[in-house]
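Visitor: I have a two-chain model to read. Can you take me through the features one by one?
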Amino acid sequence: MFGLQGRVVAAITLRATIGRKRALLFTLAPLVLVLVTVALKLSHPERASWPVDILGLFGLTVVLPLTALIIGTSVLGAEIDDGSIVHLLATPVSRTVVIGAKYAVACALTMIFAVVPILVAGLIATGGATRLALGVFVGALAGSVMYNAVFVMISVVTTRAIAVGLLYALIWEGVLGNLVAGARLLSVGQYSLGIANSIARDPRLNAALTLSTAVVAGLVVTAAALVIAVRRLASFSLKGEPA
Amino acid sequence: MSTIELSHVSRWYGNVVAINDITMTIGAGVTGLLGPNGAGKSTLLHMIAGFLAPSRGELTVAGAASWHNPGIYRVVGLVPERDSVYSFLTGAAFVRATAQLHRLPDPEVATRRAIGIVEMADAQDRRISTYSKGMRQRIKVAAALVHDPPVLLLDEPFNGMDPRQRLHMMDLLHRLGEQGRTILFSSHILEEVERLSGTIQVIVAGRLAASGDFRAIRRLMTSRPHVFMVRTSDDRRLGASLIGRPAVTGVELTGRGLQVRASDYGAFSRELAVLARDQGIRLRELLPADESLESVFAYLVET
């Protein structure tokens, strides 16, 4: 996608991200999701209310953001933390290519480790390719693209990316998003729900935004986050000796 | 083509001035950037390398500003201080990836050449995580050299190296300098640069304190006044005869021994033993009292 340079950056990023101990973390939440779904399926054969809760509440608003947070902040953030990013940046590679390649890896990994498990959980929970299963799957697909842009951006902007990302996902999206209507307009979780609901058409998903609002706002947030990430990376500074 | 030029460059962090109005030109050959810890060497090197914006002043490498200019890395190779490399890669894979990021026409040939320069061919297929400190440093140099840059910047390249590795690295830097490259490295340990034949720039407290031929500055450093603590079998008698020597400018009897101030390090160290032998005095202990780097550099600032 970005030529040889992009492929080299992506290959190194992939190996570094999968090789870290953190990689165990982002397999955990999806595993729990699938296991809980299987357990519920076995104990509640035909009750209709639980699939929405497990897919919408747990899948879209917990598993997806947490997995994207861990992956999105580590594809670039870990290299910034340990300083190895300097080897990459001390070459004439365009900073857009660096962000693009790392963002692409983050999206791909999130799709494998969160979106596919959400689809599997959806198929198990609803007993096939239902509207709910497909809607949540598409919503998660869109969510992984949006969340990773935000989390990659956060990892360039601050050295406390995980903490800031958690604050965003838990406080902004979780608490404020439920209490303040305006916060929903700036919430990636709500965009995913809006997109999911346009297919699922299930009021129990509590989607606050329409499809067009969700798509437009999602595109704007994703593009803005990536532009900020590129600009901040271009100004990447090494710290001097401790004063 | 490969000159580094700084004109009235300053850098501050809030109220703290890290680099204060430095003007200098660094040309082909090996140049050492020396100074105690916290003097601003890294800050200066980071600015030259394009990883920090100068707060004020002009800074160019090969005629172009290095800040916000990734294109500069076509002519600059950087060996960062931190030891973090992609340690899951083999040495060869790391250098090859760098060659590909530079879009070199033949990454394989460039990789082999760079690894040959640092003499790492035997270990190139091992993972970097298995390398010693010196080998890591060399593979970082190979990656920085893979595009054959006319300018090579090294941040504390001798840190943590043993004397043999240090010698090896110094020889390598000299070879590269003789090829007409501009080699700039920083160091806070004077002993590391003993074998250096090029020029040095001494940075103290953010300012350029001394600049010029290394040997001349080295002479200044060894002939500076030294303070020694001497413990002998008869401090008072030795003190009396020491004060008669021209190389000695002061003697004080203290509870811990004899404190001697010498104006000429070399002459004093030669005469002390002869003097003690002639008088039949036994030397028990001889300790330099002010060998801290700060005192060496402070002396340079005064002269």
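Guide: Start with the contact between the chains. Two residues are in contact if their C-beta atoms, placed from the backbone, lie within 7 Å. Here chain A gives 25 residues and chain B gives 30 residues. This is a predicted model: local features need pLDDT of at least 70, side-chain atom pairs count only at pLDDT 80 or more, and totals for chains, interfaces and linings use all residues. Residues are numbered from 1 along each chain as its sequence is written, with chains lettered from A and ligands numbered from 1 in the order in which they are written.

Visitor: Which element gives the most to the side of chain A that touches chain B?

Guide: Helices (H or I, at least four residues) and strands (E, at least two) are DSSP runs, numbered from the N terminus. On that side of chain A, α1(A) gives the most, with seven residues.

Visitor: At what angle do the axes of α1 of chain A and α2 of chain B cross?

Guide: Axes are lines fitted to C-alpha atoms, for helices over the stretch in contact; angles run from 0 to 180 degrees between N-to-C directions. Helix α1 (residues 3-19) of chain A and helix α2 (residues 91-101) of chain B cross at roughly 145 degrees, and their axes come within 8 Å. From α1(A), the contact uses Leu4(A), Gln5(A), Val8(A) and Ile12(A); from α2(B), Ala97(B), Gln100(B) and Leu101(B).

Visitor: In what order do the four strands of the open sheet in chain B run?

Guide: Two strands pair if DSSP finds at least two bridges between them. The order in chain B is β2-β1-β4-β5, with antiparallel pairing. β2 (16-26) and β5 (64-65) of chain B are the edge strands. Strand β1 (residues 4-13) of chain B pairs with β2(B) over seven bridges. Val9(B) stands opposite Ile22(B) in β2(B).
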